[in-house]
Amino acid sequence: MTTSNQGKPGDVVEYVVTFTNMGSDVLTDVQIFDSTPEFTELSQAVQCSDGTVPASLVCNLVTNNGVNSAGYEGNIRWEMTGNLAAGESGTVVYRVSIQ
């Protein structure tokens with residue numbers, strides 16, 4: 001795999017968002033927010049299983065209009081129920097195509 005900052009229309013860019021409980025207490029109801037950058041759209045549906053969500057959390061994906069498929073543009077929210085222990089971390093992933 002190579003890395004380049006020379007993206008062009010049709011290229012797919014993968015975003016990996018890492019989250020960590022830096023505190024000393026358990027976190028509950030974790031939510032992560034992101035959005036497709038300008039001039040991009042999802043290249044495929046976002047799946048919670050694409051990342052490394054800890055087993056102690058149940059992940060659900062939410063978009064503004066309920067669409068989660070290739071071509072979607074807009075906000076993405078990962079809603080997680082359960083507990084994220086102190087020091088525990090995970091990742092969520094999504095991929096976009098450059099328009």
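**Loop residues and salt bridges in a predicted model**

In this predicted model, Gly-23 touches Ala-86 and Gly-87, leaving aside residues up to four places away in sequence. Gly-23 belongs to the loop that runs between strand E1 (12–20) and strand E2 (27–35). Its relative accessibility is 40%, so Gly-23 counts as partly exposed. Between the C-alpha atoms of Gly-23 and Lys-8 there are 40 Å, although 15 residues separate the two along the chain.

The loop between E2 and strand E3 (40–42) holds Thr-36. Thr-36 counts as buried because its relative accessibility is 9%, under the 20% limit. Residues up to four places away in sequence aside, Thr-36 touches Leu-42, Tyr-72, Glu-73, Gly-74, Ile-76 and Val-96. With Gly-74 there is also a polar approach: a polar atom of the Thr-36 side chain lies 2.9 Å from the backbone nitrogen of Gly-74.

Side chains of opposite charge can pair when their charged atoms come close. In the whole structure, 4 salt bridges are found. One of them joins Glu-14 and Arg-95, with an N to O distance of 2.9 Å. This pair links distant parts of the chain, since Glu-14 lies in strand E1 and Arg-95 in strand E6 (residues 89–98), 81 residues apart. Asp-50 also forms a salt bridge with Arg-95, at 3.5 Å between the closest N and O atoms. Here the loop between E3 and strand E4 (57–63), where Asp-50 lies, is linked to strand E6, the two residues being 45 apart. Arg-77 and Glu-79 form another salt bridge, their closest N and O atoms 2.8 Å apart. Through shared partners, salt bridges join Glu-14, Asp-50 and Arg-95 into one network.

Key: Residues are numbered from 1 along each chain as its sequence is written. This is a predicted model: local features need pLDDT of at least 70, side-chain atom pairs count only at pLDDT 80 or more; totals for chains, interfaces and linings use all residues. Side-chain values use heavy atoms; hydrogens and water are left out. Helices (H or I, at least four residues) and strands (E, at least two) are DSSP runs, numbered from the N terminus. Buried means under 20% relative accessible area, exposed over 50%, partly exposed in between (1.4 Å probe, protein chains only). Contact means heavy atoms within 4.5 Å. A polar contact is a pair of N or O atoms within 3.5 Å; within protein, one must be able to donate a hydrogen and the other to accept it, and residues adjacent in sequence count only if both atoms are side-chain atoms. A salt bridge is a side-chain nitrogen of Lys or Arg within 4 Å of a carboxyl oxygen of Asp or Glu.
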